[in-house]
Amino acid sequence: MARFEPHQEYQRLVGDEFEEDSPPGEDLLVHVPEGLKDSWHHIKNLDNFFTRIYHFHQKNGFACMMLSEFFELVQFLFVVLFTTFLFNCVEYDVLFANKFINHTGSGYPERNKVTLPDAILPTEECTTRIRNNGWIIFLLIMAVVFWIYRLVKVICNLLSYWEIRMFYIKALKIPTVELCNYTWQEVQARLIQLQREQQMCIHKKELTELDIYHRILRFKNYMVAMVNKSLLPVRLSLPFLGDVIFFSQGLKYNFELIFFWGPGSLFQNKWNLHPKYKRSGSRLELARQLSRTVLMMGVANLLLCPFILVWQILYAFFSYTEVIKREPGSLGARRWSLFGRLYLRHFNELDHELQARLSCGYKPAAKYMNSFTSPLLTVIAQNLAFFSGSILAVLITLTVYDEDVLTVQHILTAITVLGIMVTVCRSFIPDEYMVWCPEQLLQCVLAHIHYMPDHWKGNANKSETRDELAQLFQYKAVFILEELLSPIITPFVLIFSLRPKSLEIIDFFRNFSVEVVGVGDICSFAQMDVRKHGNPMWLSEGQTEASVYQQAENGKTELSLMHFTITNPQWHPPQGSSVFISHLKEKVQYDAACGPPAQHLLSDTPLCNSLLSNESANIPENLIMSVLTHSALLSSPFTSRDRALVQPCSTASAAASVLASLPLSHHPTRTRSHTLLLENGAESSLYRSDRTIIEESMTDSAGSGRSQLLANFASTEMSLHAIYMHELHQQTVQPQQMRSVSEIPSSITEQSTAPVPRLGSPETLAAHSQLPLGGWTEEASGEVPDGDRWDSEPEVPSQV
């Protein structure tokens, strides 16, 4: 038989026996080896296919993935067996020297140094203890069952990802050893090219980047939209603490289980919403069903709470004890919270894209949070550090002089505790030589995270703004505490907070789900359609037909569209989105003409030079700092003394000038920073028309180095767009066009006395729940029995 080309080995197979496993109009991918001696099913549906392709790339190939899976099994086994050993096979009276061991056999116990074998019980006695303890036997049986379940999953993953490995090698022509040198955009480009040559999706001749993203992020886009519309009950009111955000891994897992893939979930498979949820006629009955499902899930969590809590404590103990002893200050480090990752995530943003963006924003966010100090707490910390350090210094000196000091009872405990106290106290003492500007730091944070509430603008120095950012950027100690408390709190959140929202959730999935040919049901927000979900306060005025309920909050639709367009320059947006992008480009060009030339922004002014003098700094990062530095110079006394130093203009005009300068190939005068920018061949992926990043990265001999550089410039371009769009949004919201900080009268900042909605508050959704909604055609509404608790919920009309 004739030999097939590598990409031709994957052929379509249509069979009745596979119809229920595939979305409408989709086939199975079947690998046909040479000679047709055997065949194996590569993947059952394109959702799993693209998701595994993505995970295979992000986790660095087959060997790394399987090794991680193997060590997860070993780690679970180790925790269970080691904990059982500690509870049943150790004689702690001997270990703590409360019971003496006779080593001489003289009949009289002697005080000798205890060895580890002395404290370990014989095997027979240890086994007897375990057999006589019913709880231990029960927990071990549960652990074995769970471990076998995980083992089966690992074996299935091994077979599945071996097929993905063969697909990379044979179809995409990417050797395993070269996988780390390919960016995801390059892998995605080869997938799209393969679709043109071999119809993986039968309903489309060409696959787009958005199709791939929709399949990988189908459920995550729903979660992002639900957080954006304040539908998930993650805000709790606690005594003495007020309103706090609680969103743990366990709670997130339960949300996904209830909505997407658990028993009784809203989706009948991984790509289709159950048809009954697309019709409004039985919405009240469906809400009751969802309420019962949530109640059963809450009760199940309540019953499993003791076992999950024990596992959480053990896992946290084994994971963090050594780290805390080695680096006590690690608990004071910060991390982006799970809620923050959903709140700040764009629609159609992959995990690695989000992680890269938030990683860039980590240092500015940490500097901003550290700029808030309490003088009272500083005084207390300084004195506690003095007293603790003094005692610690004496103990260390005595230990150095005579090591027998270590044999004194609890001396090591005292040294460890004192060391931790000193480290913790020092974390509350600010650097006396460091001066921060909260407003500029918050702007720098915005450049990377892309989202912030309107009331943060101009209030960066207030503790309320810091507290709200702390909900997104939490201490690691708070994260650990949330995870430890999660088994206790999650059942009550499900039963008492999520159940009352059942009707709103049913309406949300009915009105914000849309069926895409060859893809299945997706969240309509994920289409990034400005006409359907745009917000007129975010540059889409006159281009959107969305009601207040249908609009995405905080400019999520517009910013997500810009992010996806810049990240995937080959993607052709639909007509409505293209109009919005064209309008934005025209606005950028207009504001750039009114602002200072880009070479003035990048000139060697004292403040700019101090920021750009580090040769190792990232050149794209310097562009952002140039814009932010320029707005800082406007309020400085140097502006009035030397007009040649900086040309006064708004931050929006400064950002527009840098954006408009990116595609230019030459300038009359160039600064050092701009020369470096042009020498590296960086061009704006949004403003050029003849070439694309994907084509260059595929053909350039520089390989992954140039691809990474272009990715950095794409990220910088999006950061500049975020700053620019937020500035224009503020100009739209305020009664007057925003001016520089030094020119704003104090009366403007004191105009608004209305209460500002908190971050993640549900007022927006609740206030507009009776407005006309999009979605499927209305059917006759069901009758509501007298006295039913759903009587208080009004019928929400829908439009076609």
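Student: What should I know about the model before starting?
Tutor: The model is predicted, so local features need pLDDT of at least 70 and side-chain atom pairs count only at pLDDT 80 or more, while totals for chains, interfaces and linings use all residues. Residues are numbered from 1 along each chain as its sequence is written, and side-chain values use heavy atoms, with hydrogens and water left out.

Student: How many helices and strands are in the chain?
Tutor: The chain has 34 helices and 9 strands. Helices (H or I, at least four residues) and strands (E, at least two) are DSSP runs, numbered from the N terminus.

Student: And what percentage of the residues count as buried?
Tutor: Of the 800 residues, 47% count as buried. Buried means under 20% relative accessible area, exposed means over 50%, and partly exposed is in between (1.4 Å probe, protein chains only).

Student: What about contacts between residues 24 or more positions apart?
Tutor: Those account for 72% of the contacts in the chain with a separation of 6 or more. Contact means heavy atoms within 4.5 Å.

Student: Let's pick a helix. What is α1 like?
Tutor: Helix α1 covers residues 46–58, which is 13 residues. From first C-alpha to last it reaches 18 Å, close to the 18 Å expected at 1.5 Å a residue. The expected span is 1.5 Å times one less than the number of residues.

Student: Which residues of α1 are buried?
Tutor: Leu-46, Asp-47, Asn-48, Phe-49, Phe-50, Ile-53, Tyr-54, Phe-56 and His-57. His-57 has a relative accessible area of 10%.

Student: What is His-57 in contact with?
Tutor: Leaving aside neighbours within four places in sequence, His-57 is in contact with Tyr-168, Leu-179, Tyr-182, Thr-183, Trp-184 and Val-187.

Student: What follows α1?
Tutor: Asn-60 follows α1, in the loop between α1 and α2 (62–88). Its phi is positive, about 65 degrees, although Asn-60 is not a glycine. At 49% relative accessibility, Asn-60 counts as partly exposed.

Student: Phe-240 has a positive phi too. Where is Phe-240 found?
Tutor: Phe-240 is in the loop between β4 (235–238) and β5 (242–245). Its phi is near 70 degrees, and it counts as exposed at 89% relative accessibility.

Student: New topic. How do α9 and α10 cross?
Tutor: The axes of α9 (residues 218–228) and α10 (residues 249–261) come within 11 Å and cross at roughly 115 degrees. Axes are lines fitted to C-alpha atoms, for helices over the stretch in contact, and angles run from 0 to 180 degrees between N-to-C directions.

Student: Left-handed or right-handed?
Tutor: The crossing is right-handed. A crossing is left-handed if the near helix is turned anticlockwise from the far one by less than a right angle, and right-handed if clockwise.

Student: Which residues make that contact?
Tutor: From α9 they are Phe-219, Tyr-222, Met-223 and Met-226, and from α10 they are Phe-255, Phe-259 and Phe-260. They divide into 7 nonpolar, no polar and no charged. Here Ala, Val, Leu, Ile, Met, Phe, Trp, Tyr, Cys and Pro count as nonpolar, Asp, Glu, Lys and Arg as charged, and the others, Gly among them, as polar.

Student: Now α17. Where does Glu-439 sit, and what does Glu-439 touch?
Tutor: Glu-439 is in helix α17 (residues 438–449) and is partly exposed at 22% relative accessible area. Not counting residues up to four places away in sequence, Glu-439 touches Trp-456, Lys-457, Gly-458, Asn-459 and Ala-460. The side chain of Glu-439 reaches the backbone nitrogen of Gly-458 at 3.2 Å.

Student: Is Val-445 buried or exposed?
Tutor: Val-445, also in helix α17, counts as buried at 0% relative accessibility. Its C-alpha is 9.3 Å from that of Leu-358, which is 87 residues apart along the chain.

Student: Last one. Why is α23 described as largely enclosed?
Tutor: Because 12 of the 12 residues of α23 are buried, the helix is largely enclosed by the rest of the structure. Helix α23 covers residues 556–567 and reaches 16 Å from its first C-alpha to its last.

Notes: A polar contact is a pair of N or O atoms within 3.5 Å; within protein, one must be able to donate a hydrogen and the other to accept it, and residues adjacent in sequence count only if both atoms are side-chain atoms.
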